[in-house]
Amino acid sequence: MKKAILISALLAAATASLAGFAAAQSAPTTAPETATVTSIRGVDPETQVTVNPVYHQEEGRKNRNYRAQPPIIPHTIEKYQIDLHANECLACHDWKNAADRRAPTLSMTHYTSRDGVQTDTVAPRRWFCNQCHVPQVDAPALVDNIFKGSEE
């Protein structure tokens, strides 16, 4: 009795799936001419948005908004290669190059493996810089922001 119910339920599900597939295949492939697509902000999605990066020439660190916030990147990284094979950030910020390039050196935490071993190379878990660090850009706010930084 239970097998018969199970088999009939499976057949019903298979039939419904095939009917849905057939209906999807017969649906018109072009959208109606009257349909328009807009973004959440009500802007045409085809409109190009340009954001110009802000370049900082100042020495020193920028203020952070909360404890343990990763420092921002004060320059563009648009054409930087950061993948499994290369990391162009290290050309300036690796401990071997930072003094010559007058760039901030990576924190020692970036040279510590997950087992706590200090190495001379960047740890694999810290290889992708833009996982935590973001470039600062001069862009209009997309939504209202009421964030207040931590109290010192």
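K96 is partly exposed because its relative accessibility is 46%; partly exposed means between the buried cut-off of under 20% relative accessible area and the exposed cut-off of over 50% (1.4 Å probe, protein chains only). K96 forms a salt bridge with D94, with the closest N and O atoms 3.9 Å apart. A salt bridge here is a side-chain nitrogen of Lys or Arg within 4 Å of a carboxyl oxygen of Asp or Glu. The structure holds 1 salt bridge. D94 counts as buried because its relative accessible area is 10%.

This is a predicted model: local features need pLDDT of at least 70, side-chain atom pairs count only at pLDDT 80 or more, and totals for chains, interfaces and linings use all residues. Residues are numbered from 1 along each chain as its sequence is written, and side-chain values use heavy atoms, with hydrogens and water left out.

**Fold and surface**
- The protein chain has 3 helices and 2 strands. Both kinds of element are DSSP runs, numbered from the N terminus: helices are H or I with at least four residues, strands are E with at least two.
- Along the sequence the pattern is α-β-α-α-β.
- The chain has 152 residues, and 12% of them count as buried.
- Of the contacts in the protein chain with a separation of 6 or more, 44% join residues 24 or more positions apart. Contact means heavy atoms within 4.5 Å.

**Confidence**
- Mean pLDDT of the protein chain is 78, and 76% of its residues reach 70 or more. pLDDT is the predictor's confidence in each residue, from 0 to 100.
- Among the elements, strand 1 (residues 52-53) has the lowest mean pLDDT, 48. Helix 2 (residues 90-93) has the highest, 88.
- Residues 53-58 have pLDDT below 50. This stretch still has 14 contacts in the model beyond near neighbours in sequence.

**Cysteines**
- A disulfide is a pair of cysteine sulfur atoms within 2.5 Å. By this rule the count is 0 disulfides.
- C129 is in no disulfide; its nearest cysteine sulfur, that of C89, is 3.8 Å away.
- C129 is buried because its relative accessibility is 13%.
- The sulfur of C132 is too far for a bond, because the closest cysteine sulfur, in C129, is 9.1 Å away.
- C132 counts as partly exposed because its relative accessibility is 48%.

**T112**
- T112 is in the loop between helix 3 (98-101) and strand 2 (137-138).
- T112 is buried, because its relative accessibility is 13%.
- A polar atom of the T112 side chain lies 3.1 Å from the backbone oxygen of M108.
- Leaving out residues up to four places away in sequence, T112 touches V117, Q118, A123 and R125.

**Positive phi**
- A68 is not a glycine, yet its phi is positive, about 70 degrees. A68 sits in the loop between strand 1 and helix 2.
- A68 counts as exposed because its relative accessible area is 72%.
- R102 is not a glycine either, and its phi is about 55 degrees, also positive. R102 is in the loop between helix 3 and strand 2.
- R102 counts as exposed because its relative accessible area is 66%.

Methods
Polar contact = N/O pair within 3.5 Å; in protein donor to acceptor, adjacent residues only side chain to side chain.
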